[in-house]
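This briefing sets out the architecture and the chain contacts of the structure shown below.

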There are 2 protein chains.
Amino acid sequence: MKVGIVGLGLMGGSFALALKRKFKQRDERLEIIGLDHNDQHCLDALQLKIADKITDDINDLLNLDLIVLTIPVNAIIKLLPQLKKASSNTTIVDFGSTKEKIVASIPQEIRANFVASHPMAGTEKSGPQAADRKLYRGKVVVLCDTEENDPYHLKFAKEIFRDIGMKIFYMNAKEHDKHAAYISHMPHAVSYALANSVMKQENPKAILALAGGGFRSMSRIAKSAPTMWIDIFKQNSQNLLEATKNLKEELETFETYVKDENWEELTKWIEQANELHKIL
Amino acid sequence: MKVGIVGLGLMGGSFALALKRKFKQRDERLEIIGLDHNDQHCLDALQLKIADKITDDINDLLNLDLIVLTIPVNAIIKLLPQLKKASSNTTIVDFGSTKEKIVASIPQEIRANFVASHPMAGTEKSGPQAADRKLYRGKVVVLCDTEENDPYHLKFAKEIFRDIGMKIFYMNAKEHDKHAAYISHMPHAVSYALANSVMKQENPKAILALAGGGFRSMSRIAKSAPTMWIDIFKQNSQNLLEATKNLKEELETFETYVKDENWEELTKWIEQANELHKIL
């Protein structure tokens, strides 16, 4: 199998390493051709055996078995017209964290080939050096608007995701973006806000010296680089703002209970949050 | 050494297990006498070898080498008058997450004995079954207003904290409560708010099915039971409300940048949050 990976960072690199291991276990041949605007990423990807070859020409990927787009979401949309001439045998998947605008931008010529995907995996790290072959294992991948796909391409994409150990969910792109705002995009905004609320204090070092597990957990994703997240916030701004508004309302409920010394209602509010435990 | 532990939950249980291991390594004798209003906790503590004996009479602890208070902060304040008659040789430490009101409530008779402490450790779990002898290892403990302590008692408390592997910080109680609001109390409120913002959606299960590592990290402490946290929110309400207000302002900054499509300023705001990485 020949796979082209556009974007040799954490997501693309981890995907390559997971797939390589699977193919090695099955003693099947796999060739990965990487493309990345960052020369250092290309060098690192070769050294880390994420990619077997590097190209700077997207046309070199258009007849492969699979093209995987692991670049920021706006970069995906910008790239789509250049994929129009992909072979009808080439399956294309993207790993973008927003789906509605991407799906709306897929050129008709490759709509049947293009399986819009969102693997719910990642860390606050980035770059090929952060790649981890276990990143996707046991995690959920959401496939969107698959009724637009040719059955062959959908089946192939599903096999690949199962190969790297993922659980497959289906959802329409609109619903996905609304859910992703609550489960991922808004929480990132909150984590950034939490980090900034401390970093702007008089002596953040003295405060952070006290950080226990709770603060570490809550601020971990505030280390995520802006490159990818600005794009996500752009593309999902409406759902994101709605989710942020909801969170602020919950915080205001909390503030009111504390100000009013309404410990009874505050206890109920906390118990409702505790219910999460039963699901997650 | 004879130690009395008031409160045989996660904090008291973990302390007992850590201390027992240390004393066993040194082949020194250690007896732990536990007290807890919850009978099941007492039974569990005996079975888990957290306590060697159980008493329901606080007077049984007043002549031991050490008394450790690992109960919710308002319960500590309520208990303090009953410790007035503790021996001048008995060191007393509390593990409360707020310090100003506790310190102000220490009876003069035991002020020299009482080392006000806050170990920056914990998990979202509770009860003796959750006790973990490694909970405190490598973590920070803040000792407050130690100039009020007799040097013997301070030295003894420090030895005990070093025995269980903790790093010691000093701070006045007022400063501690302000910092703790940012690093621990407000983040708990935010995590509860995040959990509730999702739990109140139409189909929380469908949303939570998508949860990746980011949401799991941010919502973990929303599983913490109200018993302990209501007390903390009560005792540190002013600092807590200030920290929550600050967080909301950061979120509003975020919202404004998104609404105004001011991606340049949003990038700077994220980069500022990323700076946390250099400290934590």
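In which helix of chain B is B:Leu251 found? The model is a predicted one, and in it B:Leu251 is found in helix α10 of chain B.

- B:Leu251 counts as buried because it has 24 C-beta neighbours inside 10 Å, the cut-off for a buried residue being 20 or more.
- When residues up to four places away in sequence are not counted, B:Leu251 touches A:Ala189, A:Val190, A:Ala193, A:Thr244 and A:Lys248.
- B:Tyr257 also lies in helix α10 of chain B.
- B:Tyr257 counts as buried because 20 C-beta neighbours fall inside 10 Å.
- With neighbours within four places in sequence left aside, B:Tyr257 is in contact with B:Asn262, B:Glu265, B:Leu266 and B:Trp269.
- B:Pro226 is 31 residues from B:Tyr257 along the chain, and the C-alpha atoms of the two are separated by 35 Å.

**Relation and contact of the two chains**

- Chain B is superposed on chain A by a rotation of 180° with 0.0 Å of shift along the axis, at an RMSD of 0.0 Å.
- That is the relation of a two-fold axis.
- The same surface serves both copies, since 100% of the contact residues of chain B recur in chain A.
- The contact joins 81 residues of chain B to 81 residues of chain A.
- The elements that each supply at least two residues to the side of chain B that touches chain A are β7 (140-144), α6 (173-199), α7 (204-208), α8 (213-219), α9 (226-235), α10 (237-259), α11 (263-274) and α12 (276-279) of chain B.
- α6(B) gives the most to this side of chain B, with 18 residues.
- The side of chain B that touches chain A comprises 48 nonpolar, 21 polar and twelve charged residues.

**An enclosed helix at α9 of chain B**

- Seven of the ten residues of α9(B) are buried, so this helix is largely enclosed by the rest of the structure.
- The buried residues of α9(B) are B:Met228, B:Trp229, B:Ile230, B:Asp231, B:Ile232, B:Phe233 and B:Gln235.
- These buried residues pack against elements of both chains: α10 (237-259) and α11 (263-274) of chain A, together with α3 (73-79), α4 (100-105), α6 and α10 of chain B.

**Domains of chain A**

- The domain assignment of chain A gives domain 1 as residues 2-171 and domain 2 as residues 176-279.
- The centres of domain 1 and domain 2 of chain A, taken over C-alpha atoms, are separated by 30 Å.
- Domain 1 of chain A brings 14 residues to the contact, and domain 2 of chain A brings 16 residues.
- On the side of domain 1 of chain A that touches domain 2 of chain A, the elements giving two or more residues are α3 (73-79), α4 (100-105) and β7 (140-144) of chain A.
- The residues on that side of domain 1 of chain A are five nonpolar, five polar and four charged.

**The sheet of chain A**

- Chain A has an open sheet of eight strands with mixed pairing, in the order β3-β2-β1-β4-β5-β6-β7-β8.
- β3 (53-54) and β8 (167-171) of chain A are the edge strands, each pairing on one side only.
- Strand β6 (residues 114-119) of chain A pairs with β7(A) in the antiparallel sense over four bridges.
- A:Cys144, in β7(A), is the bridge partner of A:Ala116.
- Helix α1 (residues 10-25) of chain A lies across β1 (2-6), β2 (31-35) and β4 (66-69) of chain A, and runs at about 160° to β1(A).

**The sheet of chain B**

- In chain B, an open sheet of eight strands has the order β3-β2-β1-β4-β5-β6-β7-β8, with mixed pairing.
- The edge strands of this sheet are β3 (53-54) and β8 (167-171) of chain B, and each pairs on one side only.
- Strand β2 (residues 31-35) of chain B and β3(B) pair in the parallel sense over two bridges.
- B:Ile54 in β3(B) stands opposite B:Gly34.
- Helix α1 (residues 10-25) of chain B packs on the sheet, where it touches β1 (2-6), β2 and β4 (66-69) of chain B.
- The direction of helix α1 of chain B makes about 160° with that of β1(B).

Note on methods. Residues are numbered from 1 along each chain as its sequence is written. Chains are lettered from A and ligands numbered from 1 in the order in which they are written. This is a predicted model: local features need pLDDT of at least 70, side-chain atom pairs count only at pLDDT 80 or more; totals for chains, interfaces and linings use all residues. Copies are superposed by least squares on the C-alpha atoms of residues with pLDDT of at least 70 in both. Two residues are in contact if their C-beta atoms, placed from the backbone, lie within 7 Å. Domain bounds come from an automatic or database domain assignment. Ala, Val, Leu, Ile, Met, Phe, Trp, Tyr, Cys and Pro count as nonpolar, Asp, Glu, Lys and Arg as charged, and the others, Gly among them, as polar. Two strands pair if DSSP finds at least two bridges between them. Axes are lines fitted to C-alpha atoms, for helices over the stretch in contact, and angles run from 0 to 180 degrees between N-to-C directions. A residue is buried if 20 or more other C-beta atoms lie within 10 Å of its own, exposed if 12 or fewer, and partly exposed in between; C-beta atoms are placed from the backbone.
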